[in-house]
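Hi,

Here is the structure I promised to pass on.

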Amino acid sequence: MNKRFAASDAAAGIEVTDAFEPFSQMNDMFTRAFWDDSIRSQDTDAFFASYRTASMPRRGEGFTQKDFALRNASWIVSDLISNRNNDDGEREGFQAPIRYDTPVAQTQVAVDDVDDQAREIKSLARMFGADLVGITEIDQRWHYSARVDTRGFSPVPNDLPPGLTHVIVMGHAMDEDLVATYPSALAGAATGMEYSHEASIVIQLAAYIRNLGYEAVPSMNDTALVIPYAVKAGLGEYGRNQMVLTREFGPRVRFSKIFTSLPLAVDPPKPFGIRAYCDICTKCAEACPPKALPFGPPQEDSTSVSTIKGVRKWSADCEKCFGYWAKLKSDCAICMRVCPFNQPKSTIYGRLFNRLATSRFRKLALHLEAKRGMAERLKPGRWWKRLRGVTGLSD
Ligand code: SF4
Ligand code: SF4
C-alpha cells in the first residue's frame, strides 16, 4: 500500500494490493500485436492495415468502403501527430508522449492562488474543446515501467522532464449516434474523431502552459494509464466494462492528459454510486460477443498479461476482446453502447434511470433495465440516411 495516496485511493474506490507491479507498455494489447506471436495473426495485421486504406471492406452493413473511409478520415489528425517521428521509434500519443513544439518561457508567470489557476486552466481546456476536466497529483504507480520503441518493439525508459507535480485530465465525449452503431467500422469514426480532437487540445493547452514558463507534456494513451488518473481527478468511476463511467456521458468518453509543473488545486475523487450499480448489473458482460468481460465481483488476479498486477478490479480477457476487434477490422464498444449509463439524459427515462441507479433504489433501476432489454443498435445504413437528411424511408 502507498501511504501517501491511501486516503484518495479509498475515496476513488481503487484497491491496490501487495502484489502491485507497475505496468510495462510492452504488454498492452496493441503493442503485443506487433511482437507477441501468440497475438499476432493475419487478422491483426489486416486490422492495422485497414486503418491505412479503406479498400478492404468486410461483409455486412457498417463495414463498406464508405464506413471504413469515414473512420479512417476521422483518425487523420491524430495519425499526423503519431506518425511524424516514426523514424525515431516514437509513435506520439500512443507509445511516446507528444513532442512539444513550444519551449518553456524563461520568465514564469507567478501563481498566487492555485484554486484560481485551476479554474482558469479548466475553462481554457473547455474553450479548446474538452468536455470534462479534472486535476490530480502525479502518481508514479500509474506510469508505464517502460515505454516502447516502435522501430523494433523493444522497451525503453519512460522518462518525463523533472519537476512535474500535477496531471490535468480531460474527457472527450464521443458522438452519440455513431456509438449507437457499434459494432461497425462506421462507429470507429466516433473513436477516431475524439483522438483527433484530443491531439489538438492537449497540444494547445500544453503550449499555453509552456508559454507561462512551466513544464507541460501533452499525452494521450502514452506514458501512463489514464483510467486511474481520471477516477482520481473526480471525472467518474471505474465500471465492469473496463471504462470510466462519468455522470455526464456515462462510458461514452475518451480521456487525455497533460503532465505539468504548473501549481494547481487538485480535485477529489467523486464517487456517486455507479460502481455500486455495476456490482448488481451485468449487461455489458452479457452483450460482449466473445464473452471477454467478467460477471463476478472485482478480482485481484487476471490471466491476461495485458492487465496491471496488484489492483483489485474488473478485468477483461484482453486477448478475447482484441481477437474480436481483429476479426471486425475495427474497434468494438458494444459494452459502451449497451451500458444503461450511456442513454441520453434528455429523455425522462434516462434521467429517472440515472437518479434511481445511483441511489439506494438501484435495484428498482435494475428491474426497469431488465424490462427495457438491450439498447438496440442503430443500423449504419440508417445513420447514413439521416446524415443525408433522408427521412420517412424504412430501413
Ligand atoms: S469492446 Fe467488445 S469485445 Fe471488448 S469487452 Fe467490450 S463488448 Fe467485449
Ligand atoms: S453495463 Fe452495467 S455492469 Fe456494465 S458498466 Fe454499465 S452499469 Fe456497469
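Below is what turned up, starting with a ligand and moving on to rings and backbone.

One thing to keep in mind: this is a predicted model.

Let's begin with ligand 2. The space it takes up is the largest cavity. Which residues are around ligand 2? They are R240, N241, L245, Y277, C278, C281, K283, C284, C339, P340 and F341. Sorted by class, that shell has 8 nonpolar, 1 polar and 2 charged residues. Two helices, α9 (274-280) and α10 (283-287), each give at least two residues to the shell.

Now for the aromatic rings. A pair of aromatic rings is described by how far apart the centres are and by the angle between the planes. Searching the whole structure gives 22 aromatic pairs. Take F34 and F153: their ring centres are 4.6 Å apart and their planes are at 5 degrees, so this pair is stacked. The two come from distant parts of the chain, 119 residues apart, with F34 in helix α2 (residues 29-35) and F153 in the loop between β3 (147-149) and β4 (154-156). F34 counts as partly exposed because its relative accessibility is 33%, while F153, at 16%, counts as buried.

K66 puts its charged end over the ring of W384, 4.8 Å from the centre. R247 lies over the face of F272, 4.2 Å from the ring centre.

Most residues other than glycine have a negative phi, and most peptide bonds are trans. Where does this chain depart from that? The bond from Y182 to P183 is cis, with omega near 0 degrees, and P183 is in the loop between α6 (176-179) and α7 (188-211). F153 turns up again, with a positive phi near 50 degrees. Q242 has a positive phi as well, about 75 degrees. Q242 is in the loop between β7 (237-238) and β8 (244-245), and it counts as buried because its relative accessibility is 19%.

Happy browsing!

Terms used. Residues numbered from 1 in each chain as written. Chains lettered and ligands numbered in written order. Predicted model: local features only at pLDDT ≥ 70, side-chain atom pairs only at ≥ 80, totals over all residues. Heavy atoms only, no water. Near = heavy atom within 4 Å. 1 Å grid on protein atoms, 1.4 Å probe; cavity = no way out; pocket = protein on both sides within 12 Å on 5 of 7 lines; lining within 4 Å. Sits in = over half its atoms within 2 Å of the grid points. Helix = DSSP H or I, 4+ residues; strand = E, 2+ residues; numbered from the N terminus. Nonpolar A, V, L, I, M, F, W, Y, C, P; charged D, E, K, R; others polar. Phe/Tyr/Trp six-rings, centres within 6.5 Å; stacked < 30°, edge-to-face > 60°. Buried < 20%, exposed > 50% of the residue type's maximum accessible area, 1.4 Å probe, protein only. Lys NZ or Arg CZ within 6 Å of the ring centre and 35° of its normal.
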